[in-house]
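Take a look at the structure first, and then we can walk through it topic by topic.

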Amino acid sequence: MACHVIFEMTVKAGRFDDLRKWFLEKLPGTRDFEGNISVEVVRDQDDPTRIVFVEKWDARQDFERYLAWRTETGVVAELGELLEGGIDFRSHDGLGV
C-alpha cells in the first residue's frame with residue numbers, strides 16, 4: 001500500500017518568489033526519485049505564507065531514503081533558509097474507502 005506524506009511549512013516574509021524558484025529547481029529530483037508516485041505543492045488561500053506538500057510514495061522507506069539523501073546533500077538545509085520554523089513530516093496510510 002502506498003504511503004502518503006504530508007508536510008507543511010511557512011515561508012519567510014518576502015521570500016515566496018525565492019521559494020517558488022527553489023521548488024522549480026529541486027522538485028524534478030523528487031519526482032525522479034525511486035519510489036515517488038506523485039508530488040503536489042499547494043498554497044493556503046487564507047494564509048499565503050503556508051505551503052503544503054502532498055506526496056505519494058510506494059513505501060514509507062522510499063520517502064525515508066529520499067529524505068536522507070536530501071539531508072545529506074544539503075537540500076533540506078537550503079530549504080530551511082527560506083522558512084520560518086521547521087517542517088512537520090507526517091506519514092499516512094490510505095484507508096481504501
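A residue is called buried when its relative accessible area is under 20%, and a salt bridge needs a side-chain nitrogen of Lys or Arg within 4 Å of a carboxyl oxygen of Asp or Glu. With that in hand, please keep in mind that this is a predicted model.

- Four strands make up an open, antiparallel sheet, ordered β2-β3-β1-β4.
- Its edges are β2 (36-43) and β4, each of which pairs on one side only.
- On average, neighbouring strands of this sheet are turned by 15° against each other, with direction ignored.
- Eight antiparallel bridges link β1 (residues 3-11) to β3 (residues 50-57).
- Met9 has Ile51 of β3 standing opposite.

**The helices**
- Helix α1 (residues 16-31) lies across β1, β2, β3 and β4, and runs at about 170° to β2.
- Helix α2 also packs on the sheet, where it touches β1, β3 and β4; its direction makes about 125° with that of β3.

- Arg70 belongs to helix α2 (residues 60-72).
- Leaving aside residues up to four places away in sequence, Arg70 touches Lys26, Gly29, Thr30, Val75 and Val76.

**An exposed valine**
- Val97 sits in the segment after β4 (83-93).
- Val97 counts as exposed because its relative accessible area is 95%.
- Between the C-alpha atoms of Val97 and His4, which are 93 residues apart along the chain, the separation is 15 Å.

Methods: Residues numbered from 1 in each chain as written. Predicted model: local features only at pLDDT ≥ 70, side-chain atom pairs only at ≥ 80, totals over all residues. Heavy atoms only, no water. Helix = DSSP H or I, 4+ residues; strand = E, 2+ residues; numbered from the N terminus. Contact = heavy atoms within 4.5 Å. Buried < 20%, exposed > 50% of the residue type's maximum accessible area, 1.4 Å probe, protein only. Pairing = 2+ DSSP bridges. Axes fitted to C-alpha atoms, helices over the stretch in contact; angles between N-to-C directions.
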